[in-house]
Amino acid sequence: LKKIEAIIREDKLTDVKEALREIGIVGLNVFEIRGHGRQGGITLVGRSGSYQVDMLPKIQLNIILSERNLEETLDTILNAAATGETGDGLIFVYPVEEAIRIRTRERGQEAVMYPGDIDERKHHGKNQPE
């Protein structure tokens with residue numbers, strides 16, 4: 001299993017969620033965060049002059065998925081989140097040692113599968129998208 005942690009622009013969240021849903025990514029967590037990267041923030045100009053905002057609002061998406069679905073999911077996020085401008089974000093990929101669904105005690109891949117998800121569509125022949 002792998003964990004994708006994607007830091008994206010707030011205004012790209014809907015595009016990214018819809019694109020992920022289209023490929024069958026059902027389970028994900030979304031966090032509102034603040035941070036800055038290489039650009040160090042932005043300078044805003046107001047009535048009292050200019051000022052630096054160095055902790056910009058961003059969205060963090062966390063997705064746990066099978067390694068076989070990793071590249072397709074990464075490509076989907078990259079395509080949906082990109083504007084071509086500074087501040088588009090970053091994606092980190094981590095190994096996941098274990099996943100356990102509390103209700104059923106399922107472990108590993110079974111713990112992170114959902115009805116109609118990418119694994120069911122691609123690897124079990126059900127609910128193939130048209």
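Student: Which residue forms a salt bridge with Asp119?
Tutor: In this predicted model, the side chain of Asp119 meets that of Arg68 in a salt bridge, at 2.9 Å from N to O.

Student: Is Asp119 buried or exposed?
Tutor: Asp119 counts as buried, because its relative accessibility is 3%, below the 20% limit for that class. Arg68, by contrast, is partly exposed, with a relative accessible area of 43%.

Student: How many salt bridges are there in the whole structure?
Tutor: A search of the whole structure gives 6. One of them joins the side chains of Arg9 and Asp88, at 2.7 Å from N to O. This pair also links distant parts of the chain: Arg9 lies in strand β1 and Asp88 in the loop between α2 and β6, 79 residues apart.

Student: And why does Asp88 count as buried?
Tutor: Asp88 has a relative accessibility of 16%, and buried means under 20%.

Student: Which residue pairs with Glu98?
Tutor: Arg107 forms a salt bridge with Glu98, and their closest N and O atoms are 3.0 Å apart. Glu98 is partly exposed, at a relative accessible area of 40%.

Student: Changing topic, then. In what order do the strands of the open sheet run?
Tutor: The order is β2-β5-β1-β6, and the pairing of these 4 strands is antiparallel. The edge strands are β2 (29-35) and β6 (89-95), each of which pairs on one side only. From one strand to the next, the twist averages 20°.

Student: How many bridges join β2 to β5?
Tutor: There are 7 bridges between β2 and strand β5 (residues 56-65), and the two run antiparallel. Within β5, Gln60 is the residue that stands opposite Phe31.

Student: Which helices pack there? Start with α1: what does it lie across?
Tutor: Helix α1 (residues 13-23) lies across β1 (2-9), β2 and β5, and runs at about 10° to β5. Helix α2 also packs on the sheet, where it touches β1, β5 and β6. The direction of α2 makes about 5° with that of β1.

Student: Which residues of α1 are buried?
Tutor: They are Leu13, Val16, Ala19, Leu20 and Ile23. Viewed down the helix axis, these buried residues fall within an arc of 140°, so they line one face of α1. Arg21 and Glu22 are exposed on the other side of α1.

Student: Why would residues three or four places apart point the same way?
Tutor: An α-helix has 3.6 residues a turn, so residues at that spacing point the same way.

Student: What comes just after α1?
Tutor: Gly24 follows, and takes a positive phi of about 100°.

Student: How far does α2 reach?
Tutor: Helix α2 (residues 70-81) has 12 residues and reaches 16 Å from first C-alpha to last, close to the 16 Å expected at 1.5 Å a residue.

Student: Which of its residues are buried in α2?
Tutor: Leu70, Thr73, Leu74, Thr76, Ile77, Ala80 and Ala81 are buried. Their arc around the axis covers only 160°, which puts them on the same side of α2. Glu71 and Asn79, on the other side of α2, are exposed.

Student: Back to the sheet. Is Ile59 buried or exposed?
Tutor: Ile59, found in strand β5, counts as buried at 4% relative accessibility.

Student: What does Ile59 touch?
Tutor: Not counting residues up to four places away in sequence, Ile59 touches a set of residues including Ala6, Ile8, Leu13, Val30, Phe31 and Ile33. Ile59 and Phe31 are 28 residues apart in sequence, yet their C-alpha atoms are 5.7 Å apart in space.

Student: Last topic: how do β3 and β4 pair?
Tutor: Strand β3 (residues 42-46) and strand β4 (residues 49-53) pair in the antiparallel sense over 5 bridges. The two strands form a hairpin, with 2 residues between them.

Student: Which residue of β4 is the bridge partner of Leu44?
Tutor: The partner is Tyr51. Tyr51 counts as partly exposed, at 44% relative accessibility. Leaving aside neighbours within four places in sequence, Tyr51 is in contact with Ile42, Thr43, Leu44 and Gly46.

Definitions and conventions:
Residues numbered from 1 in each chain as written. Predicted model: local features only at pLDDT ≥ 70, side-chain atom pairs only at ≥ 80, totals over all residues. Heavy atoms only, no water. Pairing = 2+ DSSP bridges. Expected span 1.5 Å × (residues − 1). Buried < 20%, exposed > 50% of the residue type's maximum accessible area, 1.4 Å probe, protein only. Arc of directions from axis to C-beta. Axes fitted to C-alpha atoms, helices over the stretch in contact; angles between N-to-C directions. Contact = heavy atoms within 4.5 Å. Salt bridge = Lys/Arg side-chain N within 4 Å of Asp/Glu carboxyl O.
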